[in-house]
Amino acid sequence: MFDDLLEANRRYRSTFRDPGLTGRAARGLALLTCMDSRIDPLAILGLVPGDAKIIRNAGARVTEDSLRSLVLGASLLGVTRVCIMQHTDCAMVGRTDDEVRARVGSHLGVDPGEWEPLTTPDHVSALRADLVRLRSCPLLPADLEVGTFVYDVREGRLVPVPVDLPA
């Protein structure tokens, strides 16, 4: 079932040379982005392995687990700035949690109950909520730089999205 992956790894190993990288983010960057397979984070941002910590989840949302990773990155792995990068044509944007729960329940034949898919009506709403959540985490440094962006999957363009925090 995973023979294709094991074979690809055998080919990879034949030319692999240990670059001697540490576990630190060489460019001080953590990227939180979506799990969408159209996104190649290193290529999009002109990075190479070792430059950044890459955190991925559905919708590029600041969740408990992504906060856990960001806290560890900022405390132990050289992270001084965070890029939150959502993307166009995302399955989590423009839908409701109820709609996604219904699709998941129908697909699996189960009741998803109160499971939270974290959909959002639009990118700005999600980025604002996530920025508030990130900024309110007492385990992250107050001077952590945070940028919010939307990546256009059809044009390859990264667009900064200024987000005003509520007063």
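1. Two strands count as paired if DSSP finds at least two bridges between them; helices (H or I, at least four residues) and strands (E, at least two) are DSSP runs, numbered from the N terminus. By that rule, β1 and β2 pair in the parallel sense over 6 bridges, with C34 standing opposite N57 in β2.

2. A word on the source: this is a predicted model, where local features need pLDDT of at least 70, side-chain atom pairs count only at pLDDT 80 or more, and totals for chains, interfaces and linings use all residues. Residues are numbered from 1 along each chain as its sequence is written, and side-chain values use heavy atoms, with hydrogens and water left out.

3. Now the sheet as a whole. It is open, has 5 strands in the order β2-β1-β3-β4-β5, and its pairing is mixed. β2 (52-57) and β5 (158-160) are the edge strands with a single partner each, so one side of each has no neighbour in the sheet.

4. F149 has P160 of β5 as its bridge partner.
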